[in-house]
Amino acid sequence: MATLNPIQFIQQVRAEVAKVVWPTRREVLLTTVMVFIMAALTAVFFALVDLGIRGGLQLILGAFG
């Protein structure tokens with residue numbers, strides 16, 4: 001790998017950062033809201049699955065125990 005002096009490195013970093021497309025405030029807000037909604041839906045789904053498995057096991061263990 002070629003070695004660069006610190007000034008060239010900083011110039012290249014600044015050039016790369018300038019290429020980044022930063023999200024708008026609205027995009028960040030909408031994405032954040034969607035993450036919270038999906039997390040809540042996932043929590044509800046797994047809670048229902050847990051209740052179903054628990055009920056099924058109680059039926060099976062109640063029949064044999």
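This is a predicted model: local features need pLDDT of at least 70, side-chain atom pairs count only at pLDDT 80 or more; totals for chains, interfaces and linings use all residues.

Trainee: How many aromatic pairs does the structure hold?

Mentor: There is one aromatic pair. The ring centres of Phe45 and Phe46 are 5.1 Å apart and their planes stand at 70°, so the pair is edge-to-face. The rule pairs rings of Phe, Tyr and Trp (its six-membered ring) if their centres lie within 6.5 Å; planes under 30 degrees apart count as stacked, over 60 as edge-to-face and the rest as tilted. Phe45 has 48% relative accessibility and so counts as partly exposed.

Trainee: What makes the nonpolar surface patch?

Mentor: Phe45, Phe46, Val49, Ile53, Leu57, Ile60, Leu61 and Phe64 make a patch of about 880 Å². Patches take residues with over 30% relative accessible area and no salt bridge; like charges are joined within 9 Å, and nonpolar side chains (Val, Leu, Ile, Met, Phe, Trp, Tyr) within 5 Å. Areas come from the Shrake-Rupley method with a 1.4 Å probe, and for residues only the protein chains shown count as cover. One of the patch residues, Leu61, lies in helix H2 (residues 25–64) and is exposed because its relative accessibility is 60%.

Trainee: How do you know that Asp50 forms a salt bridge with Arg54?

Mentor: Their closest N and O atoms are 3.1 Å apart. A salt bridge requires a side-chain nitrogen of Lys or Arg within 4 Å of a carboxyl oxygen of Asp or Glu, so the pair qualifies. Both residues lie in helix H2, four residues apart, about one turn of the helix.

Trainee: How many salt bridges does this rule give?

Mentor: The count is two. Glu16 also forms one with Lys19, with closest N and O atoms 3.1 Å apart. Both lie in helix H1 (residues 6–19), three residues apart. Helices (H or I, at least four residues) and strands (E, at least two) are DSSP runs, numbered from the N terminus.

Trainee: Why is Lys19 called exposed?

Mentor: Its relative accessible area is 59%, so Lys19 is exposed, whereas Glu16, at 46%, counts as partly exposed.

Technical notes: Residues are numbered from 1 along each chain as its sequence is written. Side-chain values use heavy atoms; hydrogens and water are left out. Buried means under 20% relative accessible area, exposed over 50%, partly exposed in between (1.4 Å probe, protein chains only).
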